[in-house]
Amino acid sequence: MYGNTYRVTEWNKELGEDLVFTKKEILEILKSQKVSLSKTRCLFDCIIREIEDNNPITL
């Protein structure tokens with residue numbers, strides 16, 4: 001999955017999206033679970049697939 005190119009949208013702090021806070025919290029959870037980089041990739045792949053599967057594109 002990581003060889004693909006994804007559409008990426010920057011976070012917008014004016015809309016209440018806090019990238020720094022979110023990143024810090026996610027990293028704290030991963031550290032507390034003592035997961036490896038490959039397990040982290042697996043987790044994020046799973047999350048991305050779930051989001052894509054449950055949010056169909058509407059035209």
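1. Basis of the values. The model is predicted, with local features needing pLDDT of at least 70 and side-chain atom pairs counting only at pLDDT 80 or more, while totals for chains, interfaces and linings use all residues. Residues are numbered from 1 along each chain as its sequence is written, and side-chain values use heavy atoms, with hydrogens and water left out.

2. Overall content. The chain holds two helices and zero strands, where helices (H or I, at least four residues) and strands (E, at least two) are DSSP runs numbered from the N terminus. Of its 59 residues, 5% count as buried, a class that means under 20% relative accessible area, with exposed being over 50% and partly exposed in between (1.4 Å probe, protein chains only). The accessible surface of the chain is about 5900 Å², and 58% of that belongs to carbon and sulfur atoms; such areas come from the Shrake-Rupley method with a 1.4 Å probe, and for residues only the protein chains shown count as cover.

3. Helix α1 and its start. With 15 residues, α1 reaches 21 Å from its first C-alpha to its last, close to the 21 Å expected at 1.5 Å a residue, the expected span being 1.5 Å times one less than the number of residues. At the N-terminal end, aspartate 18 caps α1 through a side-chain oxygen that lies 3.3 Å from the backbone nitrogen of valine 20.

4. Lysine 34 sits in the loop between α1 (19–33) and α2 (37–54), and although lysine 34 is not a glycine, its phi is positive, at about 55°. Lysine 34 is also exposed, with a relative accessible area of 75%.

5. A nonpolar patch. Leu43, Ile47 and Ile51 make a nonpolar surface patch of about 240 Å². Leucine 43 belongs to helix α2 and is partly exposed, at 38% relative accessible area.

How values were computed: Patch = residues over 30% accessible without salt bridge, like charges linked within 9 Å, V, L, I, M, F, W, Y side chains within 5 Å. Salt bridge = Lys/Arg side-chain N within 4 Å of Asp/Glu carboxyl O. Polar contact = N/O pair within 3.5 Å; in protein donor to acceptor, adjacent residues only side chain to side chain.
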